[in-house]
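Q: I am new to this one and would like a guided look. Could you display it and take me through it step by step?

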Amino acid sequence: NDFSRRIPRPAIIQDPKNESSEWSSYCMTCKNNYQCYCNSECRDLFYGDYNSCCSYSADLFGGDRVEWCYDGMRIDTSSHVFWSEWSIDCVSSSFLLNCRNCHDCFGCANLVNKSYCFLNEQLTSEEYRRRLSTIDLGDADMVELWRTRIMDEIWNRAYRSAVLNREVESCIGDDNVQCKDAEGFGLLQSERIHYSWGTMLSKDCLNVASCFQAEWSVFSTDTMNGYGYKMSAACEGCLDVEYSELLSSCEHCFGC
């Protein structure tokens, strides 16, 4: 620890494959990202954390394959979805909570395969568009007014699942997607991961956070594309490094 504190380090950690993303950190293969953290293969994204393959969006957390979205948390495979949370395969909707495969819905929760719903009420397409035409979502005060109303009337009264895992096998935790034999939160396409958080495409790890394509690693954070990380941080493309930071393409290092 004393040695680490004496070593100068960069203010922002950059992937050389990034393009026009100078003010983003720990992002991989991104283009035109601004004020982002830990994104992968995103472009034209502003103020986003832990997103994958997202584009033309802003204020996103944990999104996967979305475009033209704003102010969302855990929105996956969706387009033109605004002020929403935990929704998948949705299009042209606002203020959704835990909805799947919905389009043209406003202020709804726990809907599946629905369209033209307004505050969870089923309408015709004509009536839905008529109601929506009276709401100016370009007005911040109007947005906040509807956000408060929808929270009180719909979201806070909706039933919520204890966990929101998807396509998992033998997993303990929450918000895990396409994982097997895992324990943790926010894991994506990983196997045999235990007590970990925010890690993608990794295998056989214990107590890791914000790691990408890591294997056989323990007590490490922000490591990428490596094998055998131990008590290390912000390393990329390394093999068998221990108690180390900010290494790139290194092998068999200790305390470096």
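A: A definition comes before the rest: two strands pair if DSSP finds at least two bridges between them. Helices (H or I, at least four residues) and strands (E, at least two) are DSSP runs, numbered from the N terminus. This is a predicted model, in which local features need pLDDT of at least 70, side-chain atom pairs count only at pLDDT 80 or more, and totals for chains, interfaces and linings use all residues. Residues are numbered from 1 along each chain as its sequence is written, and side-chain values use heavy atoms, with hydrogens and water left out.

Q: Fine. What stands opposite Tyr-70 in strand 5?
A: Phe-82 takes that place. Strand 5 covers residues 79-88 and runs parallel to strand 4, with five bridges between them.

Q: And which residue of strand 4 is the bridge partner of Ala-58?
A: That is Tyr-70. Strand 3 (residues 55-61) and strand 4 (residues 70-76) are parallel and share three bridges.

Q: How many helices and strands does the chain have?
A: There are three helices and 17 strands. Eight of the strands form an open sheet with parallel pairing, in the order 10-11-12-13-14-15-16-17.

Q: Which strands stand at the edges of that sheet?
A: Strand 10 (169-174) and strand 17 (251-254) do; each has a single partner strand, so one side of each lacks a neighbour in the sheet. On average, neighbouring strands of this sheet are turned by 20° against each other, direction ignored; the axes are lines fitted to C-alpha atoms, for helices over the stretch in contact, and angles run from 0 to 180 degrees between N-to-C directions.

Q: How many bridges join strand 16 to strand 17?
A: Three bridges link strand 16 (residues 239-242) to strand 17, and the two run parallel. Within strand 17, Phe-254 is the bridge partner of Glu-242.

Q: Changing topic: is Tyr-34 buried, exposed or partly exposed, and why?
A: Tyr-34 counts as partly exposed because its relative accessibility is 33%. Buried means under 20% relative accessible area, exposed over 50%, and partly exposed in between (1.4 Å probe, protein chains only). Tyr-34 lies in strand 1 (residues 31-34).

Q: What share of the chain is buried?
A: Buried residues account for 44% of the 256 residues.

Q: And what are the dimensions of the box that the C-alpha atoms fill?
A: The box is roughly 65 × 40 × 25 Å, taken along the principal axes.
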